Protein chains: 2
Amino acid sequence: MLRILLLVFLAFTLPFTASGQHAGIFISQEDALAIREAQGRYALLDEAISLAKETMEVAFAHPLEVPIPGEAGGYEHERHKQNYREMRYAGLLYSITGEDKYAAFVRDMLNLYAILYPNLGPHPLAHHQKPGKIFHQTLNEEVWLVHTSIAYDCVYDWLSEEERTRFETNIFRPMADWFHIRNKAEFDRIHNHGTWAVAAVGMIAYVMGDLALVEKSLHGSDLDGKGGFLAQLDLLFSPDGYYMEGPYYIRYALMPFFYFAEAVERMQPEVGIYEYRDQILRKAYYAAVQTSFPNGVFPPINDASLTMDVAAPEVILANALTYDRYGEDEDLLGVAKVQGRVSLSGAGLILARDFDASESDPQISWPSVEFSDGSDGTSGGLGILRMGEGMGQSMLLMKYGVHGGGHGHFDKLHFIFFDQGRQVIRDYGFGRWVNVEPKFGGRYLPENDSYAMQTIAHNTVVVDGMTQNMWDEVTAESMSAKRHFFEAEEAHAIAMSARADTYYDGVDMQRTMLLIKDESLLYPVVVDLYRLTSAITRQYDYPLHYSGQNITSNLQFETNTNAMQPLGSGHGYQHIWHTAQARTDSSIQFTWLDGHRYYSLTSSARPESEVHLGRTGANDPDFNLQSHPLLVLRRQAENMLFASVIEPHGYFNEARERSAQARPRITGVNVLGHSDVASVIEITGQEGLHWRIVVSNQSEGVTGRREVTFGDLSFQWTGNYQVEFLGNSEAKN
Amino acid sequence: MLRILLLVFLAFTLPFTASGQHAGIFISQEDALAIREAQGRYALLDEAISLAKETMEVAFAHPLEVPIPGEAGGYEHERHKQNYREMRYAGLLYSITGEDKYAAFVRDMLNLYAILYPNLGPHPLAHHQKPGKIFHQTLNEEVWLVHTSIAYDCVYDWLSEEERTRFETNIFRPMADWFHIRNKAEFDRIHNHGTWAVAAVGMIAYVMGDLALVEKSLHGSDLDGKGGFLAQLDLLFSPDGYYMEGPYYIRYALMPFFYFAEAVERMQPEVGIYEYRDQILRKAYYAAVQTSFPNGVFPPINDASLTMDVAAPEVILANALTYDRYGEDEDLLGVAKVQGRVSLSGAGLILARDFDASESDPQISWPSVEFSDGSDGTSGGLGILRMGEGMGQSMLLMKYGVHGGGHGHFDKLHFIFFDQGRQVIRDYGFGRWVNVEPKFGGRYLPENDSYAMQTIAHNTVVVDGMTQNMWDEVTAESMSAKRHFFEAEEAHAIAMSARADTYYDGVDMQRTMLLIKDESLLYPVVVDLYRLTSAITRQYDYPLHYSGQNITSNLQFETNTNAMQPLGSGHGYQHIWHTAQARTDSSIQFTWLDGHRYYSLTSSARPESEVHLGRTGANDPDFNLQSHPLLVLRRQAENMLFASVIEPHGYFNEARERSAQARPRITGVNVLGHSDVASVIEITGQEGLHWRIVVSNQSEGVTGRREVTFGDLSFQWTGNYQVEFLGNSEAKN
């Protein structure tokens, strides 16, 4: 409270610097001059300048257009988006080049908005969103104002006072009021929409010199700290910087977080925004990019695109500011290389300069890493195991944190396996065709709820054919999975383990996943021990969502050749065509081909097991779903350990007509026993491959040499897990 | 006949050159020396040398292995294939470097084969193929001998006479006898298998100095000219060089054609093999590569892979020899660029040298082209219309030639549309997973017959739900489609037209396809006029095989949401899941998304039209088929003109969340009339787009100004077709 009062007290002396020059919220006169002088010297900066100039050349070639607002994703919508991009570029280029044509572009565009905006009411096509006036939802309008604030700031001194008054009276003040008064709840919401709102209002307030309004952006509309930027920094991230909605949404939110933070730092350095909460912004940025797959694509946790990557404009912005504000880091130069350009700013200049000066070829080399989840870091987390380098890296990700708000999926203990430069055990992503107007206006589709969010759409066990928490968001938000251990130090066997208890009444679940590199195998393999306990018999469905072509299996499948029905009637099963089934009492092997590599699942024998194959697309009247295959291991049991290996193997090149080792090397997974103390399995394969794996099922803190007995067999180990390479296996742990 | 006698007479003076040195059938001492001296100077040659040396380093690191033969695609099979690759490289590297280790490698390997081969009988796993001994089919064994002949030739002088005698007695003579005596019918067959046979026997015969055996390879085992290499050159190609089996198989056959031709040219230049049949080998090579898509992939005509491309080793070989033997051509330098290396030979050296010396950046720029089909060029053909440059090129291919032998598909008037670097209206390719041992030994699958070859698997009309020629190969071989016209001179509208009559009893078909570039549209569009006439009512199914996601349609589809059956019970329909249907009396619009672009079909209104959507995969117990969508326009009629436009439009980038113009510009196709004289249609769209198209349905030769009347309307035109850009359309023809 003291801090807030102090800030309020300090706040009324801006936005003019000592020199009398209007201060830049994003780029200063010094920055602009330095960029001007650096032109032609640093490739990544030149790329940024070229993009800005090319955008403006196109803009200058067409008449200015500020149309009557239209539907989401439609022409008018896209035109207004392009307008703010062009205004921002024009503002920055005016600062850098000093050429009047750029400033005049911003002025002329704002003149048109100053005519249009006062005549607009709430947008009639808002559907479920809060309406904006220029756009169907306030969110887009806040984005408009974030960008336009920078443009306005850049040309502020160039404009006449009369022009400034007109723009502020006709556009900026009423728009800011619309955001923080009319949409007060959204403005104070601890959510990325709230961040866009406070950034938009705070940034335009700095430019207009309205520091009281800035205070509301920082501390909430009631100045009570329950909403506003600082509360968002407190609550939206775990202490590790992990963003509870997942990487796709933090990617989006990086823009308001960093634009506004940079404005705060420049206008009110005394806030110490970059130091706030032990440098939470630095942690937030690293936690975002360190989740990315080796190809730079963000893993589609919760509602997310399958292709969003670190080359997104928001990440380009945050990469430069993180580098500038938190010090040099070779990894961020590697990110810049993937991005291909820098932010057009002082920070971008520094990054581009250091990139060119780097003697080595900058590379991203993210390590295995675990992030805690929940604002206090005690609500489980996200584990990422990595083996190998660059695009050849294998990456195994398990989700065991919080639900993640309205965009959260009911997918605790879900995993993704990335290999060969792609998701090979995949997440569906969101049910949405972003900005594709004929597809429900580009909004989230009904199938996002009915399929993409459901448990069966993920690689985690479904109990009794029902979605976790019975598809109840409030219940899901009230609990979290729990971390058990995460150990990524060993060279040949790294592991993570987590629990999700009571996501189904009376069912406790523990999943332990290992990435193992036996030198006799070409690629690391995934070992998965998924243990469920229940006092009564349940149906356990263990799904794997893969891609590619079914190749072979040791099972005799009964294929549904002449008629197909859905695999079930609800909880997402109604969207899966049931293509084939098999029954077995023996171990299960199933091989498919994905790209240039074969993959085999080998799973331990259990009596009366079923295997079902399916393909998404049922009950999809508007063709909203994508068509992908999946496999489901099914068994009725009280306690159950699904012990499985996923082995990448061999090589296929259709164009060169080469195929090698189309059958797996690993031939068996044998459960020696499992209890609340430990699970013990053996994995065997050709040429003497033989591993024994012990996983502790007891909480951390049990130390020393430990022992578990199953029947006549006793096993001893220390620590959380132990992998023994026996027989002819070449790797020794 | 005189020529044959003359050749026989000339034939007994080889294979020693004037210098007494054993003559090279593929690489001379002079070639080898020049390559040795050129090392490090030409990138494409260095790449070839590196590949050879790296292959041999791996080979030297492992013990030689000549295993007991195994199943197709299995380890032993692949080992024997690798052995001949290594022997050929070793032979060439011995010639180039003079290092004994390479010659010793060939000798040691042949010693092992000299022990194994005499003990082998016919391979027990031949299934439907002619058995080899080392391999399950003679074909692979012939390939083995082609490569091994070169290796043996390179080290011939280095070997002792005793070794040569042993290899010829134990391997080469009995193997050649197996090919031309035991498998006489295959040896004399006018087919690519026959070409491999005569090349293998002819090449080893040259090295062994058995010119009588060479004669059999050139003129058939009975020396009557009914079989053998020259007969193959006479009969397997049209006068334009088009190979009746299609590009995939000529790609494969390029290797024996060019290896053997080069051997003939070097050993018996008096044959004039490269001049034979008005340079048919030159034409054959160009006809192969000129069919390729802008990305270098061969169009999958008949049984064919979807990914085979000009970087295949066979094309690398033929590219160098064509360049060397037929003179310099900038396009072949462009092909070499895509290939990334040259053949390791004297010809490869010349190509690599000229590539480096080229002042421009070599590019492939194939023009629109039509190839006649049939050995005398009168059996229809293959038309390829192209607009644009490089990877941005649009390419429209129509097939209207002969059936194409055992690999032929029942697909007359089928088309493929390539745009945006991919097949957007696609061919299924073959039903085969080449060399994938668990998939039916890598051989053709039953579904190749039951689906891939059937008419419904192609983009051509199916009459009464039946495959052309009632799936009878003999009938199909007895007829061909006929060319009507092919005109690719105009800048804004190019066209081709062909007929396929009596492929269904009592039904005549004419298809005219245009590629039109209206400057008001971003991309060229396909216009398709498919006309059928019949005295009785038929069911006409017009299929389009596309890729990607259904986006929108003007139809109300009844989607099969909760149960699916196949679209039919035979002729390939049994393999198509029936996903949705619609009925309409109005025009049809259907939009899908494929990659970064939208595509819309707009088809003219006809009463009681049906549209069916489907997806391949039904009646596929072993998961052999790939899952792809298709659309079928269906109508019952006597005479029918399917008049349609396929319009690429807009832009989608999921990662950048951009979408523009997701709806088509073209809104209507209107048939003004069609008769045996002409078809007249109008195409209309937004912003005044308005084209009128007249296509002549009469045979060529009708000249001067022409007129057709439909009801009250009269249309006048000249030539085979006329496209008028009316209204606000920007292009003027």
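Figure 1. E437(B) and R663(A) form a salt bridge, with their closest N and O atoms 3.0 Å apart.

**Figure 2. The extent of the interface between chain B and chain A.** In contact (heavy atoms within 4.5 Å) are 56 residues of chain B and 56 residues of chain A. The two chains bury about 4,600 Å² between them, 52% of it on carbon and sulfur atoms; buried area is the accessible area (1.4 Å probe) that two parts lose on being put together, summed over both. In chain B, the residues that lose the most area to chain A are Q549(B), F623(B) and E657(B), together 15% of what that side buries.

**Figure 3. F257(A) in the largest nonpolar core.** A nonpolar core is a set of buried Ala, Val, Leu, Ile, Met, Phe, Trp, Tyr and Cys residues joined through side-chain atoms within 4.5 Å; buried means under 20% relative accessible area, exposed over 50%, partly exposed in between (1.4 Å probe, protein chains only). Of the 132 residues in the largest core, W144(A) and F257(A) touch the most other members. Helix α12 (residues 247-267) of chain A supplies the largest share, 15 residues; helices (H or I, at least four residues) and strands (E, at least two) are DSSP runs, numbered from the N terminus. Leaving aside residues up to four places away in sequence, F257(A) touches residues including F229(A), L233(A) and Y243(A).

**Figure 4. Positive phi at D278(A) and E608(A).** Most residues other than glycine have a negative phi. D278(A), not a glycine, has a positive phi of about 55°; D278(A) lies in helix α13 (residues 276-289) of chain A and is exposed at 57% relative accessibility. E608(A) has a phi near 55°, lies in the loop between β16 (597-603) and β17 (609-616) of chain A, and is exposed, with a relative accessible area of 59%.

**Notes.** Residues are numbered from 1 along each chain as its sequence is written, and chains are lettered from A and ligands numbered from 1 in the order in which they are written. In this predicted model, local features need pLDDT of at least 70, side-chain atom pairs count only at pLDDT 80 or more, and totals for chains, interfaces and linings use all residues, while side-chain values use heavy atoms, with hydrogens and water left out.

Terms used
A salt bridge is a side-chain nitrogen of Lys or Arg within 4 Å of a carboxyl oxygen of Asp or Glu.
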